Amino acid sequence: LVSNWTRGNKTLLQMALQSWMFSRLERWGSTSWMEAIESKVQATLEEDDKERRLTLWAEAHSAFGQYETMAATSILEMALWKREIESGRTNNGAKRPALDR
């Protein structure tokens, strides 16, 4: 789609990105990531030069991958932290004192 640029392809790409990329960023709740990606995608959609458009698309795709990795890492860290709290153990394996006493 990015290489064979027509008005129809531009519209199709815009719709696909809305349902794939933007909706995922919205679920992660990071407005700064959303704004950065929207800016990169908008620049890609407005670019007439094929080579520059491909470069902009690669940059947007790469940035999305980085954001996705950061979000996945954060979710994993929270899950591990929650499991550690629920287990009632400290980092050295000792039993954590009960908080309700």
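**Figure 1. Leu17 in helix α1 of the predicted model**. At 2% relative accessibility, Leu17 counts as buried, a class that means under 20% relative accessible area, whereas exposed means over 50% and partly exposed lies in between (1.4 Å probe, protein chains only). Leu17 is placed in α1; helices (H or I, at least four residues) and strands (E, at least two) are DSSP runs, numbered from the N terminus. Not counting residues up to four places away in sequence, Leu17 touches Phe22, Val41 and Trp57, where contact means heavy atoms within 4.5 Å. Leu17 and Val41 are 24 residues apart in sequence, and their C-alpha atoms are 8.4 Å apart in space. This is a predicted model, in which local features need pLDDT of at least 70 and side-chain atom pairs count only at pLDDT 80 or more, while totals for chains, interfaces and linings use all residues. Residues are numbered from 1 along each chain as its sequence is written, and side-chain values use heavy atoms, with hydrogens and water left out.

**Figure 2. Helix α1 and its bend at Gln18**. The 22 residues of α1 should span 32 Å at 1.5 Å a residue, and the end C-alpha atoms are 31 Å apart, which agrees; the expected span of a helix is 1.5 Å times one less than its number of residues. At Gln18, α1 bends by about 40 degrees, the bend being the angle between axes fitted to the seven residues ending there and the seven starting there. Buried in α1 are Asn9, Leu13, Leu17, Met21, Phe22 and Leu25. These buried residues of α1 pack against α2 and α3. Gly29 follows α1 and has a positive phi, near 80 degrees.

**Figure 3. The largest nonpolar core**. This core has 15 residues, and those with the most contacts inside it are Met21, Leu25, Ile37, Val41 and Tyr67. The elements giving two or more residues to this core are α1 (7–28), α2 (31–46) and α3 (50–87). A nonpolar core is a set of buried Ala, Val, Leu, Ile, Met, Phe, Trp, Tyr and Cys residues joined through side-chain atoms within 4.5 Å. Met21 touches Ala16, Ile37, Val41, Trp57, Ala60 and Phe64, when residues up to four places away in sequence are not counted.

Figure 4. In α2, the buried residues are Trp33, Met34, Ile37, Val41, Thr44 and Leu45. An α-helix has 3.6 residues a turn, so residues three or four places apart point the same way. On the other side of α2, Thr31 and Glu35 are exposed. The cover over the buried residues of α2 includes α1 and α3. For its 16 residues, α2 should span 22 Å at 1.5 Å a residue, and its end C-alpha atoms are 22 Å apart, which agrees.

Figure 5. Thr44 counts as buried because its relative accessibility is 1%. Apart from its neighbours within four places in sequence, Thr44 is in contact with Trp5, Arg53, Leu56 and Trp57. The C-alpha atoms of Thr44 and Leu54 are separated by 7.8 Å, with the two residues 10 residues apart along the chain. Leu54 lies in α3 and is partly exposed, with a relative accessible area of 29%.

**Figure 6. Helix α3 and its packing against α1 and α2**. The 38 residues of α3 should span 56 Å at 1.5 Å a residue; its end C-alpha atoms are 55 Å apart, which agrees. Arg53, Leu56, Ala60, Ala63, Phe64, Tyr67 and Ala71 are the buried residues of α3, and they pack against α1 and α2. Lys50, also placed in α3, is partly exposed, with a relative accessible area of 39%. Although Lys50 and Trp5 are 45 residues apart along the chain, their C-alpha atoms are separated by 7.8 Å. Gly88 follows α3 and has a positive phi, near 75 degrees.
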